[in-house]
Amino acid sequence: MSLPVGKIMGVEIRLHYTWFIIFVLITSILATLYMPDQYPGLTNDVYWITGFVSSIILFSSVLFHELFHTYFALRKGIPVPNITLFLFGGVTQITEEPQDPDFELKMAFAGPASSFLLSLIFGLIWLVAVQVNLPAIIVAPLNYGWLINALLGGFNLIPAFPMDGGRILRAGIWKAKKDMVVATRMASRAGEAISYLFIFFGLFLILFDGFISGLWFILIGWFIKSGAEASLKQTIISQALSGVNVGDIMTKEVHTIAQNMSISDVVENYFYKYKHGGFPVVEDGNLLGMLTTQDVRAVAKERWNELKAKDIMTSSEKLVKTQPEEPVVDAFLKLSKRDIGRLPVVKDRKLVGIISRSDVMHIIRVKTELVGKR
Ligand SMILES: [Zn+2]
């Protein structure tokens, strides 16, 4: 649910649909509340222009921050498919967990450091602008620029994983304990504790001060909490799957279909009999394609007798496939990204097995139960 708007350093920049709502919201808060409060006595037009420009500055600053993380990731050879700007700021999609704590430290620190640098630049220009008495329409966005970047840098340094500060904390524990999962667990716990502090403080504000300011703290607390939970889960999953290849857990005895089998035959003897949503079409051991319930549903029932598997299957070239040597983590990513149930496992064009989402879930469950909670 996001819109691509361009590419920087080869990385796609996207706007999440919530971004548009937040952009309008922030512009109007700035134009009707913040700017009139900071710079009284100006016209409505000036407030809306400064509000709009300041909104642009806010989101460019978030992008600037994310680009610094991206730069370090790319330099290390870690692929970054896209950066998405959304409700609370930006998310840089980094597909791999960093492999050593020193690098994680550097990459995490790059963001807040870039925000503080930008704050300094805005601050200096603002000081000059004030000195030479430039009009409020220029001074106000500059003032907002250094403030918001200082806030961005500071907010991201909150030691709550997966925020930058939490990543710095994790890298520190990781370095000391030499165990990434333990470090992630501790950094996530810290994040959770901080999220509760925010939520309680928000409730306190609602009771004794104001509803809106309290709501902000609760929202931020909730945001930190869900981030901590999600990334802890992700780390545990990738840890459970590390070192496991597709060949280790795939199903080797596969029910296959011959290409000349009629559709009614397939429905009768395969779809009704076995509880799978798709079967590989195989000839002399070679994978020709896959026939799924979707393929069958697309043709009228009257034609099931005359049509053959090869006529309506998804051909092998169009299929997402995997190999026995591929890490299960990568296969799992393919499954969840495309929302498919199973992948054919192919070696030298021969079908050697099938790996399904439930195969992967099973190994995650077994591994985490055996290793237990550390
Ligand atoms: Zn950051």
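**View 1. The crossing of helix 3 and helix 4.** Helix 3 crosses helix 4 in the left-handed sense, where left-handed means that the near helix is turned anticlockwise from the far one by less than a right angle, and right-handed that it is turned clockwise. This is a predicted model, in which local features need pLDDT of at least 70 and side-chain atom pairs count only at pLDDT 80 or more, while totals for chains, interfaces and linings use all residues. Residues are numbered from 1 along each chain as its sequence is written. Helices (H or I, at least four residues) and strands (E, at least two) are DSSP runs, numbered from the N terminus; axes are lines fitted to C-alpha atoms, for helices over the stretch in contact, and angles run from 0 to 180 degrees between N-to-C directions.

**View 2. Helix 2 against helix 3.** Helix 2, which spans residues 44–75, packs with helix 3 at an angle of about 145 degrees, their axes lying 8 Å apart, and the crossing is right-handed. Helix 2 brings residues including Phe-64, His-65 and Phe-68 to meet residues of helix 3 that include Lys-106, Met-107 and Leu-118. By class, 7 nonpolar, 6 polar and 1 charged residues take part in this contact.

**View 3. Helix 5 against helix 6.** The axes of helix 5 (residues 164–177) and helix 6 (residues 180–208) are 8 Å apart, at an angle of about 140 degrees, in a right-handed crossing. Among the residues in contact are Leu-169, Arg-170 and Trp-174 of helix 5 and Met-180, Val-182 and Met-186 of helix 6.

View 4. Strand 8 (residues 342–347) and strand 9 (residues 350–356) pair in the antiparallel sense over 6 bridges, pairing being assigned if DSSP finds at least two bridges between two strands. Arg-342 has Ser-356 of strand 9 as its bridge partner, and Val-346 stands opposite Leu-351. The two strands form a hairpin with 2 residues between them, and Asp-348 in the turn has a positive phi of about 50 degrees.

**View 5. The two domains.** Domain 1 (2–241) and domain 2 (246–371) divide the chain, with bounds from an automatic or database domain assignment. Their centres, taken over C-alpha atoms, are separated by 42 Å.

Key:
Two residues are in contact if their C-beta atoms, placed from the backbone, lie within 7 Å. Ala, Val, Leu, Ile, Met, Phe, Trp, Tyr, Cys and Pro count as nonpolar, Asp, Glu, Lys and Arg as charged, and the others, Gly among them, as polar.
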